[in-house]
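This report goes through helix packing, the nonpolar core and a few individual residues. Please keep the sequence and the 3D view at hand while reading.

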Amino acid sequence: MITGDQIRMARAALKWGVRDLAKAAGVTPATVTRIEGGKTGHTATLKAIQLAFEAAGLEFLFENGVGVRITKSGD
């Protein structure tokens with residue numbers, strides 16, 4: 001599962017604010033802020049966030065630590 005750190009990195013890569021991500025993932029801005037702050041999120045919520053980023057052209061990395069990379073220009 002993605003982490004709060006990866007979510008922050010992904011938002012920075014896309015120059016998205018918390019509200020941008022919340023809208024794209026169908027969650028509340030408070031949920032995004034809470035997860036980025038280190039609180040746990042429901043599996044379905046984390047998956048929705050991950051799918052929103054992947055649709056925008058990011059890939060999450062889990063080997064040798066955690067990270068994100070841009071794979072395409074997005075929509």
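## Packing of H1 and H3

Helix H1 (residues 4–14) packs on helix H3 (residues 29–36) with an angle of about 120 degrees between them, and the axes are 7 Å apart. That angle makes H1 oblique to H3. The model is a predicted one.

On the H1 side the contact is made by Gly-4, Ile-7, Arg-8 and Arg-11, and on the H3 side by Val-32, Ile-35 and Glu-36. By residue class, the contact of H1 with H3 has 3 nonpolar, 1 polar and 3 charged residues.

## The largest nonpolar core

Which residues touch the most other members of the largest nonpolar core? They are Ile-7, Leu-21, Ile-49 and Phe-53, in a core of 16 residues. At least two residues of this core come from each of H1, helix H2 (18–25), H3, helix H4 (43–55) and strand E1 (58–61). H4 gives the most, with 4 residues. In soluble globular proteins, nonpolar side chains tend to be buried together.

Ile-7 also belongs to the H1 side of the contact with H3. Apart from neighbours within four places in sequence, Ile-7 is in contact with Ile-2, Leu-21, Val-32, Ile-35, Glu-36, Leu-46, Ile-49 and Phe-53. Among these partners, Val-32, Ile-35 and Glu-36 are the H3 residues of the helix contact, while Leu-21, Ile-49 and Phe-53 are among the residues that touch the most other core members.

## Aromatic residues

The model has 2 aromatic pairs. One of them joins Trp-16 and Phe-53, which are stacked, with 5.5 Å from centre to centre and 25 degrees between the planes. The angle counts as stacked because it is under 30 degrees. This pair links distant parts of the chain: Trp-16 lies in the loop between H1 and H2, Phe-53 lies in helix H4, and they are 37 residues apart.

Together with Phe-60, Trp-16 and Phe-53 form one aromatic cluster.

Gln-50 is located in helix H4. Its relative accessible area is 10%, so Gln-50 is buried. Leaving aside neighbours within four places in sequence, Gln-50 is in contact with Ile-2 and Phe-60. Ile-2 is also a contact of Ile-7, and Phe-60 is a member of the aromatic cluster.

Ala-25 is in helix H2 and is buried as well, with a relative accessible area of 13%. Not counting residues up to four places away in sequence, Ala-25 touches Ala-48, Ile-49 and Ala-52. Of these, Ile-49 is also in contact with Ile-7. The C-alpha atoms of Ala-25 and Leu-46 are separated by 9.1 Å, and these two residues are 21 residues apart along the chain.

## The loop between H1 and H2

What is the backbone phi of Lys-15? Phi is near 60 degrees, a positive value in a residue other than glycine. Lys-15 sits in the loop between H1 and H2, where Trp-16 is also found.

Definitions and conventions
Residues are numbered from 1 along each chain as its sequence is written. This is a predicted model: local features need pLDDT of at least 70, side-chain atom pairs count only at pLDDT 80 or more; totals for chains, interfaces and linings use all residues. Side-chain values use heavy atoms; hydrogens and water are left out. Axes are lines fitted to C-alpha atoms, for helices over the stretch in contact, and angles run from 0 to 180 degrees between N-to-C directions. Angles under 35 degrees count as roughly parallel, over 145 as roughly antiparallel, 65 to 115 as roughly perpendicular and the rest as oblique. Contact means heavy atoms within 4.5 Å. Ala, Val, Leu, Ile, Met, Phe, Trp, Tyr, Cys and Pro count as nonpolar, Asp, Glu, Lys and Arg as charged, and the others, Gly among them, as polar. A nonpolar core is a set of buried Ala, Val, Leu, Ile, Met, Phe, Trp, Tyr and Cys residues joined through side-chain atoms within 4.5 Å. Buried means under 20% relative accessible area, exposed over 50%, partly exposed in between (1.4 Å probe, protein chains only). Rings of Phe, Tyr and Trp (its six-membered ring) pair if their centres lie within 6.5 Å; planes under 30 degrees apart count as stacked, over 60 as edge-to-face and the rest as tilted.
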